[in-house]
Amino acid sequence: MRAGFPDFRLGNVLATSFTGTLSERHGDAVERIPAPQRLIDWLAVYGLAVDSCTTAQLDRARELRESIHAAATAAATQDALPASAVQVINDCSVQGRAAVILTPEGNRQWRLGSASCVEDALSVIAADAISVIAGERDGKLALCASPTCRAAFFDTSQSRTRKWCDMNTCGNRQKKARFHANQRKNPGLAE
């Protein structure tokens with residue numbers, strides 16, 4: 001990725017991966033789309049290439065991201081969906097022009113037109129969020145067990161008991177912390 005920016009945390013579910021463009025929400029927050037070009041980069045990774053992005057479009061993307069996070073968090077904790085978040089998601093969903101296509105491999109893929117803009121890409125993300133939050137997919141929304149992260153993620157594990165948004169970051173960090181705490185309690189065990 002581009003030098004000087006934090007790496008993207010990529011996942012298999014578009015909507016929850018998009019919420020991951022702001023990580024460590026309850027700690028030292030890391031903004032992974034700090035500039036319009038960075039949003040263009042993120043969208044391209046997910047096959048939603050657009051040519052340009054304004055500051056206003058970046059602001060709208062962040063508003064969608066936070067609305068998806070709020071709605072996904074509410075769904076994961078079985079609370080009522082925030083009306084303002086639902087409104088933003090719905091507004092973004094209906095504003096874009098994108099089509100679903102079937103790939104030769106039999107997969108479903110979104111395709112933007114040749115003159116696509118950020119709003120078209122955001123409509124795809126919003127539609128994906130609606131699908132996940134409405135329970136149309138096989139899996140369950142959950143929140144990362146890391147107290148500094150609390151990212152919403154879509155758990156498709158067989159038992160639906162996944163604890164971390166990403167085992168390589170949050171899960172590993174928690175395992176290291178537990179290991180070091182045990183080392184401090186029992187210094188003789190390390191020998």
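This is a predicted model: local features need pLDDT of at least 70, side-chain atom pairs count only at pLDDT 80 or more; totals for chains, interfaces and linings use all residues.
## Helices α3 and α4

The crossing of α3 and α4 is left-handed.

On the α3 side, the contact is formed by Arg60, Glu63, Leu64, Ser67, Ile68, Ala70 and Ala71. The α4 side contributes Ala85, Val88, Ile89, Asp91, Cys92 and Gln95. By residue class, the contact of α3 with α4 comprises 8 nonpolar, 2 polar and 3 charged residues.

## Helices α3 and α5

Helix α3 also packs against α5, at an angle of about 0° and with the two axes 11 Å apart. The helices α3 and α5 are therefore roughly parallel to each other, since an angle under 35 degrees counts as such.

From α3, the residues in this contact are Gln57, Arg60, Ala61, Leu64, Ile68, Ala71, Ala72 and Ala75. From α5, they are Val118, Glu119, Leu122, Ile125, Ala126, Ala129 and Ile133. The contact of α3 with α5 divides into 12 nonpolar, 1 polar and 2 charged residues.

## Helix α3 itself

Helix α3 has 22 residues, and the distance from its first C-alpha to its last is 31 Å, close to the 32 Å expected at 1.5 Å a residue. Its buried residues are Gln57, Leu58, Ala61, Leu64, Arg65, Ser67, Ile68, His69, Ala71, Ala72 and Ala74. In general, residues three or four places apart in an α-helix point the same way, because there are 3.6 residues a turn.

Leu64 is among the buried residues of α3, and Leu64 is listed both in the contact with α4 and in the contact with α5. Ile68 is likewise buried and takes part in the contact with α4 as well as that with α5. Just after α3, Gln78 has a positive phi of about 60°.

## Helix α5 and Ser123

Helix α5 spans residues 118-133. Its 16 residues reach 22 Å from the first C-alpha to the last, close to the 22 Å expected at 1.5 Å a residue. Of these 16 residues, 13 are buried, so α5 is largely enclosed by the rest of the structure. Just after α5, Gly135 takes a positive phi of about 80°.

Ser123 is found in α5. Ser123 is buried, because its relative accessible area is 6% and the cut-off for buried is under 20%. Leaving aside neighbours within four places in sequence, Ser123 is in contact with Cys92, Ser93, Gly96, Arg97 and Ala98. Of these, Cys92 is also one of the α4 residues in the contact with α3.

Tyr46 is found in the loop between α2 (36-45) and α3. Tyr46 has a relative accessible area of 22% and is partly exposed. Apart from neighbours within four places in sequence, Tyr46 is in contact with Leu10, Gly11, Leu14 and Ser17. Tyr46 and Ser17 are 29 residues apart along the chain, and their C-alpha atoms are separated by 9.8 Å.

## Arginines with positive phi

Most residues other than glycine have a negative phi. Arg150 has a positive phi, near 55°. Arg150 is placed in the loop between β5 (140-143) and β6 (152-155), where Arg150 is partly exposed, with a relative accessible area of 32%.

Arg160 also has a positive phi, near 60°. Arg160 lies in the loop between β6 and α6 (167-185).

## The chain as a whole

The chain has 6 helices and 6 strands. Read from the N terminus, the elements run α-β-β-α-α-α-β-β-α-β-β-α. The C-alpha atoms fill a box of roughly 65 × 40 × 40 Å along the principal axes.

Of the 191 residues, 38% count as buried. Among contacts in the chain with a separation of 6 or more, 55% are between residues 24 or more positions apart.

Terms used. Residues are numbered from 1 along each chain as its sequence is written. Side-chain values use heavy atoms; hydrogens and water are left out. A crossing is left-handed if the near helix is turned anticlockwise from the far one by less than a right angle, and right-handed if clockwise. Helices (H or I, at least four residues) and strands (E, at least two) are DSSP runs, numbered from the N terminus. Contact means heavy atoms within 4.5 Å. Ala, Val, Leu, Ile, Met, Phe, Trp, Tyr, Cys and Pro count as nonpolar, Asp, Glu, Lys and Arg as charged, and the others, Gly among them, as polar. The expected span of a helix is 1.5 Å times one less than its number of residues. Buried means under 20% relative accessible area, exposed over 50%, partly exposed in between (1.4 Å probe, protein chains only). Axes are lines fitted to C-alpha atoms, for helices over the stretch in contact, and angles run from 0 to 180 degrees between N-to-C directions. Angles under 35 degrees count as roughly parallel, over 145 as roughly antiparallel, 65 to 115 as roughly perpendicular and the rest as oblique.
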